[in-house]
Amino acid sequence: MDTYGDGGAIHGDMLNQRLAKAALPILVNIAQAGETIFYSELAEELTLLNLHDKPIHHRLIGKVAGCIADALIALSDEWGEIIPPISTIVVNKGDDRPGIGVDYFLEQYFDKNATKEDRRDEFVEIARNLVFDYGKWDEVLEAIGVDPVILDRDGKLSSKAAEGYGGGEGEDHRRLKEYVLLHPELVTQYAIQASDPEHPLPSADVVDVYFQTRKCVFGVEVKGLKSSEADILRGIYQCLKYRTVIEARELIQGTRRNVEVVLIIAGELTPKLTSIKNTLGVTVITGIIPD
């Protein structure tokens, strides 16, 4: 079935085809990391590739995912084996569920029961785990004729990120940190019970800003306008570390609140950093300039 007419094939000059060809290696990268990606995040990454003269709207991503799914079904038939539906890892921000466009492909991999309302989430989860566990994504890219996404193959950016801060906290960093402390609505709409700058963690690390609500805690790392690409990458990794440490502390203390650690930057992300933060599942809020 060619779900979107001529746009169902992954090769060609139509916009859906060009976007699908660019999106497949991004989704493979996300799948290999065991993560999901929002429709809006994938649209953001595709916009940065300058494949169209306008920003890519997130509502177009469903058709792009359909093109990819068609290509995988065709390759499954060619190989004589099932390639799991990678489009199930593209989800809505509101409910973490894929759109209804994935239902046809769920039925192809399972049966009609897979899209019944009381069973759909169950089958989506099964399909998603198959996607995460699938060990031949690189071979899929090669067979379809698409190059993989290379985020930092030579390790140069990661090496720079590991070199350390050198010079301490700058004025733009300090101002941004103070601004975030006064504006918890940047990360949550819930009532704040406690807030803390330079919040100490049991690992001897310090998170720039800390907010606590009745059910959640939020750690915020900030990077000012003068932060380099390597420094922002360091911030992305710090978010991962701090989230793990805070979750461990919640477990030990028996409070078990939900934990989220985000990065807030004054500037914008480069295409490489956008791919990295999506692959790692880190929330980055951009363009926050202190008044």
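Predicted model: local features only at pLDDT ≥ 70, side-chain atom pairs only at ≥ 80, totals over all residues.
## Strand 6 and strand 7

Strand 6 is joined to strand 7, which covers residues 284-285, by two bridges, and these strands run parallel. Within the pairing, L263 has V284 of strand 7 as its bridge partner, while I264 stands opposite I285 in strand 7.

## Strand 6 and strand 5

Strand 6 also pairs with strand 5, made up of residues 216-223, and here the pairing is in the parallel sense and extends over eight bridges. One of the facing pairs is K223 with I265, the latter belonging to strand 6.

Between these strands comes a helical element: strand 5, helix 9 (residues 229-253) and strand 6 together make a β-α-β unit, and this unit is right-handed.

## Burial of strand 6

How many of the eight residues of strand 6 are buried? Taking buried to mean under 20% relative accessible area, six of the eight residues in strand 6 (residues 258-265) are buried, and therefore the strand is largely enclosed by the rest of the structure.

How values were computed
Residues numbered from 1 in each chain as written. Heavy atoms only, no water. Buried < 20%, exposed > 50% of the residue type's maximum accessible area, 1.4 Å probe, protein only. Helix = DSSP H or I, 4+ residues; strand = E, 2+ residues; numbered from the N terminus. Pairing = 2+ DSSP bridges. Right-handed = clockwise from strand over helix to strand, strands pointing away.
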